[in-house]
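Subject: Structure handover

Hello,

Here is the structure for your files. My notes follow below.

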Amino acid sequence: MWNQFFLLEEYTGSDYQYVGKLHSDQDRGDGSLKYILSGDGAGDLFIINENTGDIQATKRLDREEKPVYILRAQAVNRKTGRPVEPESEFIIKIHDINDNEPIFTKEVYTATVPEMADVGTFVVQVTATDADDPTYGNSAKVVYSILQGQPYFSVESETGIIKTALLNMDRENREQYQVVIQAKDMGGQMGGLSGTTAVNITLTDVNDNPPRFPQSTYQFKTPESAPPGTPIGRIKASDADVGENAQIEYSIMDGEGQDVFNVITDQETQEGIITVKKLLDFEKKKVYTLKVEASNPHVEPRFLYLGPFKDSATVRIVVEDIDEPPVFSKLAYVLQIREDAQINTTIGSVTAQDPDAARNPVKYSVDRHTDMDRIFNIDSGNGSIFTSKLLDRETLLWHNITVIATEINNPKQSSRVPLYIKVLDVNDNAPEFAEFYETFVCEKAKADQLIQTLHAVDKDDPYSGHQFSFSLAPEAASGSNFTVQDNKDNTAGILTRKNGYNRHEMSTYLLPVVISDNDYPVQSSTGTVTVRVCACDHHGNMQSCHAEALIHPTGLSTGALVAILLCIVILLGKLLLPASYLPLVRGTHCYCDTLDFSASPSKAYSLI
């Protein structure tokens, strides 16, 4: 009986490798039985001596390719070919030998670990496999060891875990490490097979280095004309770290120009850019000294013991003088002058000077685009403003002109300033009626009856306001049928002086009224109020203002004929007299009591 044979793999002998012997208890040794083999590799890998039952392997076997072969054996009668007993199954198991070295899962491993990490910090785990039989001997028992990379790293022999082995490994000193790990079978004993792999380890950065200025003092120059925002120069603190840990913020901590200059960080180059914050003036201050600080915005608390993560440097800025235009003493000038000022009257003056140290002389002029009528002029030497024409406040109250100051030695350097000149009022206009007054009085009017209210206007603008007085002209004051009552509020009233008026006796009255102001010098004018006598109803409403006609034998009244004749004379006078005499006849009215031309004198002209 049999059920299992064993055979070593990788046989190197010159003869066939003997496996074992099959034997039946029916075999009497007389050659009457024959042994037959079938199954995995029968007749090829495995052969049997049919007489003796000896089994041999004809080829080298590899357990890693096939560790077990299943075969069947039977003894038969040689003559009849009949089995003398049932077929039996057996196996041939290939015994392992250490013919495979450990192989790593990767040819090259890559790993990272923070610099300054504590000893024993995990880096990476490597793994090797062995194709030999792990259940038979130590052929597949792998042990790890480090061949290269000490004393910086170590490896656990059983797990292949690589850890840091040295304290304070600094990336800034060395960033890349290559570690060689060996995996050896047979438990690492002598004679075991081995394989190796490389592990490339990179130290990642931590913020363990503060920024440092390469020099303690910087000096820059800038012209005084540099506008705000102009870059003056760049400073840079070095930081051995990288990435976020090397970011730097710059600030002005102290010095004379904290409010005059600014510093910003160039995010690409990590440089500090010094810029102008306010306008500079060489004549006021020529040199500024600043203290600029560079610091890391991202700090790791565990490295604060290394010291403050910031540094400072002194920045000296020299302001350079440039040729500047003249500067006026004021941003704008306001002057006043009376409107009755004579030509060449001095109004005031403007002042400008060269702000540069040279103090170049300045000359003045008026921008004639702002004074097209050349009403004003200026003394080019001392800046005095004077009139060159007469003024009239009622024509123009304000004059807005521009004065130019130019350096004599450098005409390209000039500046401008607005000059506002206010013309002050003097009492040079007489008051006059606000409108043309033509009114009527009823024939049955009573004495002291108000028939018209008068208003006046004045082009002048006195400081205390207008105060008009009204009165009849002296030549009309005596014997007048009307009186003028001054209301003391810049108005006056026309009052009747008697009871009753007769339109047949006098149809129209012309009242000369004198209007005066109370300013100095007093100005007055005389205006005429036309009063017609009219027939009215008992409510005082006008009904008719023309006299009843006295009928002429020819059909026209005497008054009508006289009026027509008078109008003809006036018309001829306008046609024949020179234009200069026309004002003498413009005020003459024609009245025809038949046609009532007195109501509309223009009709009389049209009719004629």
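Helices (H or I, at least four residues) and strands (E, at least two) are DSSP runs, numbered from the N terminus. This is a predicted model: local features need pLDDT of at least 70, side-chain atom pairs count only at pLDDT 80 or more, and totals for chains, interfaces and linings use all residues. Residues are numbered from 1 along each chain as its sequence is written, and side-chain values use heavy atoms, leaving out hydrogens and water.

Strand pairing first. Two strands pair if DSSP finds at least two bridges between them. Strand S16 (residues 194–204) runs parallel to strand S9 (residues 108–114), with 7 bridges. Thr112 has Thr202 as its bridge partner in S16. Strand S15 (residues 176–184) runs antiparallel to S16, with 9 bridges. There, Ala183 is partnered by Gly195 of S16.

Next, Glu271. It sits in strand S21 (residues 271–276). Its side chain makes polar contacts (N or O atoms within 3.5 Å, one able to donate a hydrogen and the other to accept it; residues adjacent in sequence count only if both atoms are side-chain atoms). One is with the side chain of Arg234, at 2.7 Å. Another is with the side chain of Thr269, at 2.9 Å.

Last, Leu397. It lies in the loop between strand S30 (384–387) and strand S31 (398–407). Leu397 counts as partly exposed because its relative accessibility is 33%; that class lies between buried (under 20% relative accessible area) and exposed (over 50%), with a 1.4 Å probe and protein chains only.

Best wishes
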